[in-house]
Amino acid sequence: MGSMGGAGERDEAMVRVKVSKREVVAAVLPLQEHWLPLSNLDLLLPPVDVSVFFCYIPATASNSNIDKDIDMMTTPPAPLPTFGSMVGALKVSLAQVLISYYAFAGEVVVNSAGEPELLCNNSGVDFIEAFADIRLHHLNLYNPDDSVEGKLVPSKKRGVLAVQATEFKCGGLVVACTFDHRIADAYSANMFLSSWAEMCRSSSISVHPTFRRSLLYPRHQSTSNYHLDPAIDDMYVTLSNLSTPPPPPESPLLTADVGEDQLVSRIYYVPADQLRQLQLAASSNDCKRTKLESFSSFLWKMVAQSSSFRSEDHPASSSNPRMSLTSKMGIVVDGRTKLRGDLSSYFGNVLSIPFGEKSVSELAGKPLSWIADGVHEFLQAAATEEHFLGLIDWVEAHRPEPSLARIYCKGTEDGPAFVVSSGQRFPVADINFGWGRPAFASYHFPWGGDAGYVMPMPSPLDNDDWIVYMHLPKWQLLSIEMEAAHVFRPLTFHYLIKP
C-alpha cells in the first residue's frame, strides 16, 4: 500500500544516537547587553521551533578543503579531518559568527506588555556532540520521524538556537540546528548558516546582518481601525476572535497514538521532467505558471482527492459528505523584495501567508489550470508593498493581543489545510565548512498544529529535481503516494549517490 513502511527494502536501518557532550558556545567577544524588540511581522509567529540538518559524507582528499592551486607534487596533502577537528572548527567559527549574529545567542523574554522580546545577553548556544551507530548511507531519509526527529536535530531547551553535531560509524557527519521561528525566518537562517560556513572556511564573512526594526515600522501608530486593509482580516485573526483557541504546539511524536489522522513527516524527490509536465498542465491561455504555483496546485488537488477517496461508503461521488468540505492552501510570501529599502541582509521575519479556499469537490474535479489560476490570484494580491505595509499596520492596531495566520486555525467543519513554503533559495552548496558541500540537506518542521506544512527545496544533485519535505496526515500521504507515485518518489541515499 504505497511506499509507507518500506524502509527495509532500501537497506535502511533504525538509528540509535548517544550524546557524548553538551556545552554552551557564546560569542567570542563580549556584547553590551540590550533589548531588541520583535517587529510586527515577528509577532505574527507562534512560539514554534524550526530545524534544519546537513549530511556530510566521510571526508576524503577529493572533498576536503584543499587549495586547488597548490602543486600537489611538491606539497603533501592536508590531513583528513576527524570528528574532533570538525567539531572544534564548528565551535570556534560559531563563537566568531555569533558576534554578528548576536540574536541567536540571546533569550526570548516576555515584556511588561505581555509580548515576546529578545534579550541580547550572549547567553550562548547549546552545542551537543553525539554518535550514531549506523553508516550515513543507511539513514532513512524518507521517514525523518524515525531517523531525524529527537535524534539528529536537537531539542532546544533554552535560548534561541541549539546545534548538534553527530558522528556516524563510517566517519560521516550530520550538523543540525533548531531555532526559534519568532526570531528568524528561513531566509535569515540561511544567511546565518552561509556565514557560519564561510567563517569556518576563511575566518571572515561577506554578509553582515542588520537588525534595523525601523525598516518595518508601521505607517500608523494609532490603534484605530479606520485605515486598515479589510483583506488582512481574511488572512489573520487575533486569538480572542478565535471560536476555539488553538492548542499549544507540541511535537506530534509526543502523542501516544500515531493513527492515520496523525500528521507525519516524509521526504520525497520530484524529478525535473515531472515538474515540467506539471507546469505545462497548470498553464493555459498563454499564461505560464511558475513551477511553485504548478506544484502547489497539483498537491492541493491530490490532497483534495485523498479526502474524496477516504470514505468507503461514498467513494469520490457527490454523495460523499467530504466533498462539500472546504480545503485551504497557503503559500508563504517573502516581503524583502516587495518593500522599499534594502532588506537583503535584514534578519528577522518578513513573511505573509495568503491562502485560497475551495471545496474538495471543485479541487478534485476541476482541471489543474483552473486551480493554478486561483493560486496565482491569491499570491499576486499579497506580493505587493502595500500588502506588507498594511499587514504591519494591522498588527500595530491589535497589539499587544497575539495574532495568528488563519490558515493555521483549522475548524472542526473545515477540510484539509496546509501551507507551502518555498525553499528554492536554500543555499545547500554554500554550507561547506571546509570538508565539502553536503550530500543532502533539508528543513524539518513537525510543528504540532492541525495544518500541514510542505517545503520544496533544490536537489543537491543540481539537476533541477526538487527535494520536498512534507508534514501531512498519514492518510493523505498514503493516498498521494498511490495516486502520484510518478511525482512523489521516496528519498533514499541511492538517489543521492546515483551516477
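**Exercise 1.** Determine which parts of the chain are tied together by the salt bridge between the side chains of D185 and R336 (2.9 Å, N to O).

*Solution.* Begin with the term: a salt bridge is a side-chain nitrogen of Lys or Arg within 4 Å of a carboxyl oxygen of Asp or Glu. Next, locate the partners: D185 is in the loop between strand 8 (173-180) and helix 3 (186-202), and R336 is in the loop between strand 12 (333-334) and strand 13 (351-352), so the pair ties together parts 151 residues apart in sequence. Helices (H or I, at least four residues) and strands (E, at least two) are DSSP runs, numbered from the N terminus. Then consider accessibility: D185 counts as buried at 1% relative accessibility, and R336 counts as buried at 6%. Buried means under 20% relative accessible area, exposed over 50%, and partly exposed in between (1.4 Å probe, protein chains only).

The model is predicted: local features need pLDDT of at least 70, side-chain atom pairs count only at pLDDT 80 or more, and totals for chains, interfaces and linings use all residues. Residues are numbered from 1 along each chain as its sequence is written, and side-chain values use heavy atoms, with hydrogens and water left out.

**Exercise 2.** State where the partners of the salt bridge between D49 and K156 lie, and whether each is buried, partly exposed or exposed.

*Solution.* The side chains of D49 and K156 meet at 3.6 Å, N to O. D49 belongs to strand 3 (residues 49-56) and K156 to the loop between helix 2 and strand 7 (161-168), so this pair ties together parts 107 residues apart in sequence. D49 is partly exposed, with a relative accessible area of 31%, whereas K156 is buried, at 17%.

**Exercise 3.** Describe the salt bridge between R16 and D133, and state how many salt bridges the structure holds.

*Solution.* The side chains of R16 and D133 meet at 2.9 Å, N to O. R16 is in the segment before strand 1 (17-25) and D133 in the loop between strand 6 (125-132) and helix 2 (144-147); the two are 117 residues apart. R16 is exposed, with a relative accessible area of 59%. The structure holds 19 salt bridges.

**Exercise 4.** Identify the surroundings of S93.

*Solution.* S93 lies in helix 1 (residues 83-97) and is buried, with a relative accessible area of 1%. Leaving aside residues up to four places away in sequence, S93 touches W196, M199 and C200; contact means heavy atoms within 4.5 Å.
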